[in-house]
Amino acid sequence: MDYGFFDNPNKEYVITNPKTPTKWINYIGTLAFGGFVDHNGGGVICKQDPYLNRITKYIPQLPSSSMNGETLYVRVKQGQGYRLHAPFFSPILEPAEKWECRVGLGYTRWQARFAGLAVEVTVFVPFDSQRVLRDIRVTNTSAQAQDVDVIPVVEYTHFDALKQFTNADWVPQTMQSRAIKQDGGRLVLTQYAFMHKDSMVNYLTCDQPVASFESDRQKFLGDNGYGTWQDPGALKAAGLSNYEANRGDNIGALLIAFKGLKPGETRRVVTQLGQMKDLASEKAEIERFRSTANVDKALADLAKFWEGYLAPIQVETPSPDLDNMVNVHNPRQSYITKNWSRYLSLYQLGLGDRGLGFRDSSQDCMGILPNKPGEARELMEKLLSTQNPSGNAMHQFNPLTMEGSTGDSREMADRPKYYGDDHLWIVLTTCYYLKETGDFDFLKWQVPFYAKKGAARESGTVLEHLERAVGFTHGDLGQHGLPLLGFADWNDTINLRAGAESLFNANLYGAGLKELVELFRHLGDAAKADQYQQWWQSMKKSVNDVAWDGEWWLRYFDADGRPMGSHASPTTKLFMECQPWSVLSGFAEGERARQCMDSVHAKLNTRNGLKLSWPSFTQYDPNVGGATTYPPGAKENGGIFLHTNPWCMIAATLLGNGDRAYQYYDQINPSTRNGRIEEYEIEPYVYAQNILGDEHPQFGLGRNSWLSGTATWTYQAAHKYILGMLPDYDGLRLDPCIPKAWNGFKAKRVFRGVEYRITVQNPGHVSKGLKSLSVDGKAVAGNLIPLASGKKVVEVLAVMG
Ligand code: GLC
């Protein structure tokens with residue numbers, strides 16, 4: 001079955017079959033105001049926080065056929081009655097003559113044709129204004145004039161998204177709607193919870209006169225609520241009831257009448273869904289988007305934003321699938337993931353107080369450094385402000401209140417209340433940021449450490465924050481001299497009794513120290529550089545003394561000192577994530593580095609990607625934790641957890657194995673799954689978090705698309721390591737590690753304001769190593785392209801061999 005295709009010139013994925021195996025979504029706006037829309041027109045919108053200020057009610061657990069959050073009806077007068085159409089397919093489910101849903105950068109556009117009508121709808125959030133615009137155009141393709149009504153509908157939720165589901169008395173008693181009539185038949189239909197009637201007022205309005213409206217779901221569906229979204233009772237009558245709800249399940253429905261639409265004629269209405277304090281403060285902005293010229297400009301500005309966003313890295317390689325991801329879809333996903341962390345998706349529902357994750361967001365920042373370093377810095381500063389004075393970090397924080405939490409560790413009173421890895425990620429992120437931008441002033445910024453609301457806060461420079469991070473781990477070692485696990489490390493689902501040690505944390509600490517050594521050398525502080533070099537050396541010794549299992553590295557020691565992830569282990573014998581990280585930290589050298597990655601390849605690789613562990617746990621074990629709640633082959637229990645695959649790509653490039661690095665890249669590339677959707681099921685235009693592994697009967701099934709560390713790391717693996725354009729303090733290092741079969745590649749990389757036009761030739765068909773490098777025609781020794789001053793464009797020619 002075909003579900004769609006990539007339209008590369010338009011940077012869109014075009015869904016042509018509305019009945020995809022799961023909902024396929026797109027994001028509009030940002031966490032400041034926005035959410036996601038699915039390909040059947042449903043969507044969830046929130047402002048600043050999906051938990052504490054949610055606007056539309058979207059329930060992912062509903063059957064795909066349901067109306068969910070928003071929809072649109074188009075009806076045509078026929079004799080005494082009406083014929084109903086749904087341009088989004090849902091909720092009427094009538095096949096259109098032609099139907100397309102174009103998933104674009106920051107917008108989605110539907111084009112549907114029914115008997116005698118062509119309808120086009122574009123939904124987006126303007127780059128500089130907080131509202132969802134739905135730009136609806138209806139063309140009469142028949143030979144007769146037609147009377148057409150357009151009826152956009154939103155279903156509201158209580159602003160407290162969780163209360164909506166836990167209190168079915170308080171919530172409906174507080175929900176109200178009012179209609180504000182304006183000149184020329186215009187209308188602003190508001191909706192709010194009573195306590196926020198003067199502060200947080202949702203509204204639906206448009207640029208055309210509104211013939212009638214509805215705000216109560218039961219009245220819209222009809223028949224005491226026994227009517228259906230598929231065939232709502234209200235749409236059988238000439239007009240809606242103009243009812244202003246005093247309680248209950250609130251919706252916003254507007255009826256816009258296009259009377260006497262002539263053959264060939266197109267009419268247009270643009271709806272706005274937003275939130276305001278009151279109309280007086282919002283009026284001007286509403287009027288702004290009642291001008292279609294301004295709507296067109298907003299869409300053009302959005303396109304310009306994305307063009308600028310993607311410009312810093314554009315590549316042309318022998319692999320069109322890699323080009324497709326690196327040039328468009330991967331950086332887009334990295335940006336979306338940075339904006340939303342793991343807070344709001346089809347899978348992570350933004351209910352309750354999860355917030356942004358320290359570990360996740362630290363990694364996400366790395367994925368936007370070439371494109372939006374300023375936004376990365378903004379988020380890094382927030383993250384640093386949730387670092388504890390002890391050096392470790394709050395696991396999550398709520399973006400609206402900046403309140404931190406200790407994550408899932410709250411659920412287990414006897415377990416550590418910090419995660420052994422969180423604080424270490426920001427060390428890497430900050431150093432990568434400095435290498436990308438050269439913005440060393442950032443190190444001097446004063447940023448407070450975290451304290452509970454109202455308590456006095458200690459403050460320190462960014463550099464002090466980084467030193468406290470490694471300092472915490474330096475002082476938090478277990479009986480084998482390895483860093484303690486805390487509640488968990490990167491693998492959230494192995495939660496061992498206090499006292500357990502983690503080899504992952506050891507490697508992450510090592511990688512952080514390596515970066516700090518380089519940084520302090522660059523800053524000219526030899527004493528600090530030597531100190532951290534010595535810390536690195538001593539951890540390297542501990543790791544090599546106690547954690548080598550013969551063919552790979554152990555993963556943990558439990559609180560009793562027993563190894564986990566050993567060939568002698570009764571259950572899982574090999575965990576992947578600490579193998580590539582031993583190469584990244586530099587702790588694994590020579591034979592051990594090669595051997596551990598060969599073991600990964602031999603035991604963990606599948607045609608759908610590298611799985612996280614082998615063999616899987618076969619039953620629930622509360623002493624191990626969440627990993628054992630999954631059946632074999634799912635998620636952290638032997639599933640293909642894609643976040644970790646790029647780490648193996650990077651390790652392969654560090655070991656000089658370009659064929660393997662590319663194999664790992666290609667086998668998880670979602671765009672190559674376009675012809676295998678029956679198996680994979682989810683969007684082919686973004687990476688997933690997980691694919692079921694080969695110990696699961698549904699091997700190859702993907703889930704948890706969009707918000708995943710896979711985005712940031714695969715992007716980094718591709719541009720920094722496979723294509724080898726690696727930012728460094730003194731220039732751009734060019735150290736590609738590519739498949740031997742490649743003849744070379746071309747790339748454009750904007751680095752510190754200069755556009756480097758890079759040509760790499762590979763006449764000898766090697767994977768790694770430069771024979772010559774020339775910069776603007778001058779030969780340069782080594783592989784560092786020095787910083788160019790006063791130039792806009794620099795031509796680089798590298799010959800491998
Ligand atoms: C999820 C979490 C991430 C964690 C990973 C592995 O992706 O968001 O923080 O590292 O699972 O458990």
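This is a predicted model: local features need pLDDT of at least 70, side-chain atom pairs count only at pLDDT 80 or more; totals for chains, interfaces and linings use all residues.
**View 1. A salt bridge joins Glu155 and Lys57.** Side chains of opposite charge can pair when their charged atoms come close. Here the side chains of Lys57 and Glu155 meet with 3.1 Å from N to O. The pair links distant parts of the chain, 98 residues apart, since Glu155 belongs to strand S12 (residues 146-155) while Lys57 sits in the loop between strand S5 (43-46) and strand S6 (70-78). Both Glu155 and Lys57 are buried.

**View 2. A salt bridge joins Asp249 and Arg217.** The N to O distance in this salt bridge is 3.2 Å. Arg217 lies in helix H3 (217-221), and Asp249 lies in the loop between helix H3 and strand S17 (250-261), so that the pair links distant parts of the chain, 32 residues apart. Asp249 counts as partly exposed because its relative accessibility is 32%, and Arg217 is also partly exposed, with a relative accessible area of 25%.

**View 3. A salt bridge joins Lys236 and Asp231.** The side chains of these two residues meet at 3.2 Å, taken from N to O. Lys236 counts as exposed because its relative accessibility is 53%, where exposed means over 50%, whereas Asp231, with a relative accessible area of 39%, is partly exposed. Elsewhere, salt bridges that share partners join Asp7, Glu12, Lys98, Glu100 and Arg102 into one network.

**View 4. The largest pocket has a volume of about 940 Å³.** Of the 37 residues that line this pocket, Arg354, Asp408, Asp492, Lys635 and Glu636 are the closest to its centre. At least two lining residues come from each of helix H7 (358-366), strand S33 (688-691) and strand S34 (702-705), and H7 gives the most, with three residues. By class, the lining of the largest pocket holds 11 nonpolar, 15 polar and 11 charged residues.

**View 5. The second largest pocket holds about 580 Å³ of space.** Its lining is made of 31 residues, and those nearest the centre are Lys435, Glu515, Leu654, Tyr721 and Leu726. Several elements each supply at least two residues of this lining, among them helix H9 (422-437), helix H11 (503-523) and strand S35 (725-728), while H18 gives the most, with five residues. The lining of the second largest pocket divides into 15 nonpolar, five polar and 11 charged residues.

How values were computed. Residues are numbered from 1 along each chain as its sequence is written. Side-chain values use heavy atoms; hydrogens and water are left out. A salt bridge is a side-chain nitrogen of Lys or Arg within 4 Å of a carboxyl oxygen of Asp or Glu. Helices (H or I, at least four residues) and strands (E, at least two) are DSSP runs, numbered from the N terminus. Buried means under 20% relative accessible area, exposed over 50%, partly exposed in between (1.4 Å probe, protein chains only). On a 1 Å grid over the protein atoms alone, a cavity is a set of points where a 1.4 Å probe fits but cannot get out, and a pocket is an open set with protein on both sides within 12 Å along at least five of seven lines; lining residues have an atom within 4 Å of a point. Grid points are joined across faces, edges and corners, and a volume is the space filled by probe spheres set on the points. Ala, Val, Leu, Ile, Met, Phe, Trp, Tyr, Cys and Pro count as nonpolar, Asp, Glu, Lys and Arg as charged, and the others, Gly among them, as polar.
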